[in-house]
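Here is a short report on how parts of this structure pack together. Look at the sequence and the model first, then read on.

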Amino acid sequence: MAQMGRPRVFDRQQAIEQAMHLFWEQGYETTSLSQLKAQIGGGISAPSFYAAFGSKEALFEEAVQCYLESYARVTDGLWDDAIPPREAVELTLRRSTKMQCESGHPKGCMVALGTMSASKPEHAHITKPLTVSRARTHAGFVRCVERGIASGELQEGTNAQALGTAFSSFLLGVSISARDGVKLSAFNASIAELMKLWDAACHERH
């Protein structure tokens, strides 16, 4: 008589990562519980889903945290003072753009796409971590420009907010363009042009 196989073990972390991909692709409001259960797989029942995650909102919060602790770390260089400011800016632009164009996960950035993930006012609190992350990235770009000014690399009158906004806005735009099929090579060429804004603000070297 054939022996019964062991029950499939539920991998909670894997389930969170699978849910993260679905939320990343579709956003919070568009993603249904039935889609989440299908994505997680294993024939998880509604009671088991609620026992494991509590609610769709709670699962989204865990999925966001998973993203922030992994893919979103491509912007960490903005806060590393060991990296020269110009290099930190360009490295972040290229790392983030490369990640957003990679296969194996949805195109674009979950943090950037979070602006459309939950558009209803009553859901604003759900995407707050994504809003905070966007603000942090913008602040990181501004900080790099301020470092450049403080070191004398950039002219004293350089508008740090304006230049930082140009860099952060580019990354936000990459998310939409990547979904429209723009290739990494095109983005990299654009980054080379964008960095000329930094070079234009540099002190002349004699």
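## Helix 5 against helix 8

Helix 5 and helix 8 cross in a right-handed manner. This is a predicted model. Helix 5 covers residues 85-101 and helix 8 covers residues 160-179. Their axes come within 10 Å and cross at roughly 15°. Angles under 35 degrees count as roughly parallel, so helix 5 is roughly parallel to helix 8.

Which residues of helix 5 meet helix 8? They are Val89, Thr92, Leu93, Ser96, Thr97, Gln100 and Cys101. On the side of helix 8, the contact is made by Phe167, Phe170, Leu171, Val174, Ser175 and Ala178. The residues of this contact between helix 5 and helix 8 comprise eight nonpolar and five polar ones. No charged residue takes part in it.

## Helix 6, mostly covered

Helix 6 spans residues 110-117. Six of its eight residues are buried, and the helix is mostly covered. The buried residues of helix 6 are Met110, Val111, Ala112, Leu113, Gly114 and Ser117.

What do these buried residues pack against? Their partners are helix 1 (12-26), helix 4 (56-68), helix 7 (128-151) and helix 8.

## Aromatic pairs

How many aromatic pairs does the structure hold? There are nine. One of them joins Trp24 and Tyr71. Their ring centres are 4.9 Å apart, with 65° between the planes. That pair is edge-to-face. Trp24 lies in helix 1, while Tyr71 lies in the loop between helix 4 and helix 5. The pair therefore ties together parts that are 47 residues apart in sequence. Trp24 is buried, at 2% relative accessible area. Tyr71 has 24% relative accessibility and counts as partly exposed.

Is Phe49 buried or exposed? Phe49 is buried, with a relative accessible area of 1%. Tyr50 is partly exposed, with a relative accessible area of 39%.

## A ring cluster

Ring pairs also build a cluster. Its members are Phe23, Tyr28 and Phe60.

Methods. Residues numbered from 1 in each chain as written. Predicted model: local features only at pLDDT ≥ 70, side-chain atom pairs only at ≥ 80, totals over all residues. Heavy atoms only, no water. Axes fitted to C-alpha atoms, helices over the stretch in contact; angles between N-to-C directions. Helix = DSSP H or I, 4+ residues; strand = E, 2+ residues; numbered from the N terminus. Parallel < 35°, antiparallel > 145°, perpendicular 65-115°, else oblique. Left-handed = near helix turned anticlockwise from the far one by under 90°. Contact = heavy atoms within 4.5 Å. Nonpolar A, V, L, I, M, F, W, Y, C, P; charged D, E, K, R; others polar. Buried < 20%, exposed > 50% of the residue type's maximum accessible area, 1.4 Å probe, protein only. Phe/Tyr/Trp six-rings, centres within 6.5 Å; stacked < 30°, edge-to-face > 60°.
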